[in-house]
Amino acid sequence: METSNRELQAAEYLERHRIKELVSYLTSALLFFRPEKPREYLISLLERLRIAKVTGVAFPFFMDNSNIVAMFEMMDPSGRGTISFVQYKEALKTLGLCTEDEDLKDDGHIITLDKFKEEVNKRMKEI
């Protein structure tokens with residue numbers, strides 16, 4: 001019983017402080033840039049995040065609109081201009097913008113490039 005309560009408290013703490021999203025973002029950035037000195041890179045990244053939060057200045061994320069468009073186009077090789085919800089969810093996970101246990105609701109609509117860009121940008125700003 002004690003363990004269960006401590007596990008619940010730990011899960012709430014991680015969720016409240018969005019630690020899973022942060023770790024996922026840091027991992028994605030590492031894999032995207034593959035720096036020679038990963039620990040130093042992570043320290044630098046965390047420091048820039050802290051400064052951005054303190055000053056209110058937007059943090060320069062590693063994905064710009066051209067990267068988002070390129071990713072969308074890779075998922076839409078036929079050029080239909082849409083991707084499936086499953087592709088959308090997997091892309092968010094790959095980018096570290098969605099946790100494994102996050103329950104995204106499939107509203108039955110196809111995902112357009114504009115919707116994809118909007119959601120990726122919104123989630124990056126939230127981090």
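Rings of Phe, Tyr and Trp, the last taken by its six-membered ring, count as a pair if their centres lie within 6.5 Å. In this predicted model, the rule gives 3 aromatic pairs, and Phe72, Phe85, Tyr88 and Phe116 form one aromatic cluster. Two of these pairs, both of which include phenylalanine 116, are set out below.

| Pair | Centre to centre | Angle between planes | Class |
|---|---|---|---|
| Phenylalanine 72 and phenylalanine 116 | 5.8 Å | 45° | tilted |
| Tyrosine 88 and phenylalanine 116 | 6.5 Å | 70° | edge-to-face |

Because phenylalanine 72 lies in helix 4 and phenylalanine 116 in helix 6, their pair ties together parts that are 44 residues apart in sequence. Tyrosine 88 lies in helix 5, so its pair with phenylalanine 116 of helix 6 links parts that are 28 residues apart in sequence. Phenylalanine 72 counts as buried at 3% relative accessibility, phenylalanine 116 is buried with a relative accessible area of 0%, and tyrosine 88 is buried too.

Helix 6 comprises the 14 residues 113–126, which should span 20 Å at 1.5 Å a residue, and the 20 Å between its end C-alpha atoms agrees with that expectation. Within helix 6, Phe116, Glu119, Val120, Arg123 and Met124 are buried; they cover an arc of only 130° around the axis, which means that they lie on the same side of the helix. Asp114, Glu118 and Lys125, on the other side of helix 6, are exposed. The cover over the buried residues of helix 6 includes helix 4 (65–75), strand 1 (82–83), helix 5 (85–94) and strand 2 (111–112).

How values were computed
Residues are numbered from 1 along each chain as its sequence is written. This is a predicted model: local features need pLDDT of at least 70, side-chain atom pairs count only at pLDDT 80 or more; totals for chains, interfaces and linings use all residues. Side-chain values use heavy atoms; hydrogens and water are left out. Helices (H or I, at least four residues) and strands (E, at least two) are DSSP runs, numbered from the N terminus. The expected span of a helix is 1.5 Å times one less than its number of residues. Buried means under 20% relative accessible area, exposed over 50%, partly exposed in between (1.4 Å probe, protein chains only). The arc is that of the directions from the helix axis to the C-beta atoms. Contact means heavy atoms within 4.5 Å. Rings of Phe, Tyr and Trp (its six-membered ring) pair if their centres lie within 6.5 Å; planes under 30 degrees apart count as stacked, over 60 as edge-to-face and the rest as tilted.
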